[in-house]
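Below is a briefing on selected local features of a single model. The sequence and structure come first, followed by notes grouped by topic.

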Amino acid sequence: MTSTPDTAMRCEEILLHGHRMTYRVAGDPGLPVLLLVHGITSSSATWDSVIPALAEHAHVIAPDLLGHGESDKPPGDYSLGALASGLRDLLERLGHDSATVVGHSLGGGVAMQFAYQYYAMCDRIVLVSS
């Protein structure tokens, strides 16, 4: 499969509350948002093989949760609620009102917490081996 400029994956970073969060992004920002949340001790690289195909139909965002991957690892709260709040903050900073949230393993717990805390921002939820 050949990627077009819209489906080509890019690695970016953003500063949230003084901490650097890295994320992968692909797809047209005008399409529905698909937020991919990795599992514990993992990173957004978990999703590398599927991001280009998903980006043909969605604007894909796959963050490295704080404490994981290339994101900062600050001391503090790594609870499901705190991680879900970080996802909300990321979506808001990127200018998105809502997303379909896909969580793998621990990411599924974060996705469920996100849906509970920010139900108006959660279009749907998908759990993978959670």
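I125 sits in strand 6, residues 122-128; strands (E, at least two residues) and helices (H or I, at least four) are DSSP runs numbered from the N terminus. This is a predicted model, in which local features need pLDDT of at least 70, side-chain atom pairs count only at pLDDT 80 or more, and totals for chains, interfaces and linings use all residues. Residues are numbered from 1 along each chain as its sequence is written, and side-chain values use heavy atoms, with hydrogens and water left out.

**Strand 6 and cysteines**
- I125 is partly exposed, at 36% relative accessible area (buried is under 20%, exposed over 50%, partly exposed in between; 1.4 Å probe, protein chains only).
- C122 is buried at 14%, whereas C11 is exposed at 58%.
- The count of disulfides (cysteine sulfur pairs within 2.5 Å) is zero.

**Strand 5**
- T100 belongs to strand 5 and is buried, with 9% relative accessibility.
- Neighbours within four places in sequence aside, T100 is in contact (heavy atoms within 4.5 Å) with V33, L34, L35, D123, R124 and V126.
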